[in-house]
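Trainee: I've just opened this one and I'm new to it. Can you walk me through it?

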Amino acid sequence: MAATNSKDFYEVLGVAREASPEQIKSAYRKAALQYHPDRNLEKKPEAEESFRAASEAYAVLSDPQKGAAGLGSRGFDSGFNASIFEEFQDILGDLFGFDEVLGGGRRRGGRQRGQRGADLRYDMSLTFEEAATGVNTKIRIARHEACEACKGTGAKPGSGTSTCSTCKGHGQLAYQQGFFSITRTCPACQGAGQVIRDTCVTCRGQGRIERERTLDVGIPAGVDSGTRLRMTNQGEPGTNGGPTGDLYIFLEVREHAFFERRGADLYCTIPISVTQASLGATIKVPTLQGEDTLEIPEGTQSGQIFRKKSKGMPNPHGGRGDLYISIRVVIPSKVSREQRRLLEQLGASLKVENKPAERTSSFFEKVKDIFG
Ligand SMILES: [Zn+2]
Ligand SMILES: [Zn+2]
């Protein structure tokens, strides 16, 4: 076989002869992504050929010891050697699960790493007041827990385990596919490398059993619909020594009869009489902390908004929101003869020009305009 010209390697990777090691590495990553056989299922032979050529070029150009012509005719026909594979694995491992594909690498010791347990979800509904004050409560959940009898191993206590005969304890099986060696988790032992001799009777060899648990839950003040609380390590147990999952409590806060909530701020509408609006008054207003008073100045208009600072919902990050009160001046829908006489008298001295008024904005827009 003719010695491969070093210029070819640069051309294969599409880099200049004076390319830096970083440029060569980057060009190879690009080529490897483009030609990887798993991504070119329809044109597998061609892609394999291109992938092989790029890998060969990279192996030569990235190793200053070998020099540009060092490998020459040796090529890759005799098959990849393991050290080159490991080098590629370092470059490609993070690109697409290459640990699995390239196999035989140093990263995987043959044992499957423990898997984290599943997260659990619990939906909880709260009243508006409970959300405002926070609440300590108990919830009942069903979840799997590691079997106490066998400590989660699934083996009958004292019986122990024996080496898996399918994988000879490696936890993995290697297959040859094309020029790739593919490693798969052993199905007989799920990668543990060990199989149980006698199964635990309590959990029937599952290593886990379903349990009902009552948990104390502290709901902080100021939560809202959509708030998600996480209880660490209260989910399902992991496998092969993996960590326990978490429990998430999804909150739904029911609506209030007259308070509307936006973040930590509260909004409500309070009706007053025409005379209270005209002459001013002190009225009672409800707040989450009980009854409070509000000064209505004389000449208050319907739709006017007053703010009571820090009378809103507690803010989970500290402090409280505000309470905004929109005034609605109530016009009597029915008047007595005496009231009619007085209103007519009033009407004679009160003049309003009946001309279109400016459009009014919504409650929330107004609050933004006035209170910023
Ligand atoms: Zn096995
Ligand atoms: Zn058990």
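Predicted model: local features only at pLDDT ≥ 70, side-chain atom pairs only at ≥ 80, totals over all residues.

Trainee: How many helices and strands does the protein chain have?

Mentor: Nine helices and 15 strands. Both are DSSP runs, numbered from the N terminus: helices are H or I with at least four residues, strands are E with at least two.

Trainee: And what percentage of the residues count as buried?

Mentor: Of the 372 residues, 36% are buried. Buried means under 20% relative accessible area, exposed over 50%, and partly exposed in between, with a 1.4 Å probe and protein chains only.

Trainee: What about contacts in the protein chain?

Mentor: Take those with a separation of 6 or more: 63% of them join residues 24 or more positions apart. Contact means heavy atoms within 4.5 Å.

Trainee: On to the metals. Which residues coordinate the zinc ion (ligand 1)?

Mentor: Cys 164, Cys 167, Cys 186 and Cys 189, each through SG, at 2.2 to 2.3 Å. Donors are N, O and S atoms within 2.8 Å of the metal (3.2 Å for Na, K and Ca); water is not among the atoms, so sites may look incomplete.

Trainee: Why is the arrangement around ligand 1 called tetrahedral?

Mentor: Because its four donor atoms subtend angles of 104 to 114°. Four donors count as tetrahedral if all angles lie between 85 and 135 degrees.

Trainee: What spacing do the donors of that zinc ion follow along the chain?

Mentor: C-x2-C-x18-C-x2-C. Cys 164 sits in the loop between strand 3 and strand 4 (172-177), and Cys 189 in the loop between strand 5 (180-185) and strand 6, so the pair ties together parts 25 residues apart in sequence.

Trainee: Cys 164: buried or exposed?

Mentor: Buried, because its relative accessibility is 2%. Cys 189 is buried too, at 7%.

Trainee: What holds the zinc ion (ligand 2)?

Mentor: Cys 147, Cys 150, Cys 200 and Cys 203 coordinate it through SG, at 2.2 to 2.3 Å. The site is tetrahedral, with angles of 104 to 114° among the four donor atoms. The spacing along the chain is C-x2-C-x49-C-x2-C. Cys 147, between strand 2 (135-146) and strand 3 (161-163), and Cys 200, between strand 6 (194-196) and strand 7 (208-219), are both in loops; this pair links distant parts of the chain, 53 residues apart. Cys 147 is buried at 1% relative accessibility, and Cys 200 is buried at 1%.

Trainee: New topic. Which residues of helix 2 are buried?

Mentor: Ile 24, Ala 27, Tyr 28, Ala 31 and Ala 32. Seen down the axis of helix 2, they fall within an arc of 135°, so they line one face. The arc is that of the directions from the helix axis to the C-beta atoms.

Trainee: And what's exposed on the other side of helix 2?

Mentor: Glu 22, Lys 30 and Gln 34.

Trainee: Where does Asp 246 lie?

Mentor: In the loop between strand 8 (228-231) and strand 9 (247-253). Asp 246 is buried, at 5% relative accessibility. Its side chain makes a polar contact of 3.1 Å with that of Arg 116. A polar contact is a pair of N or O atoms within 3.5 Å; within protein, one must be able to donate a hydrogen and the other to accept it, and residues adjacent in sequence count only if both atoms are side-chain atoms. A polar atom of the Asp 246 side chain also lies 2.8 Å from the backbone nitrogen of Asn 233.

Trainee: What does Thr 300 touch?

Mentor: Not counting residues up to four places away in sequence, Ile 272, Ala 277, Phe 306, Ile 327 and Val 329. Thr 300 is in the loop between strand 13 (290-296) and strand 14 (305-308). Thr 300 is buried, at 5% relative accessibility. A polar atom of its side chain lies 2.6 Å from the backbone oxygen of Pro 297.

Note on methods. Residues numbered from 1 in each chain as written. Chains lettered and ligands numbered in written order. Heavy atoms only, no water. Tetrahedral: all angles 85-135°; square planar, octahedral: opposite > 155°, others 65-115°.
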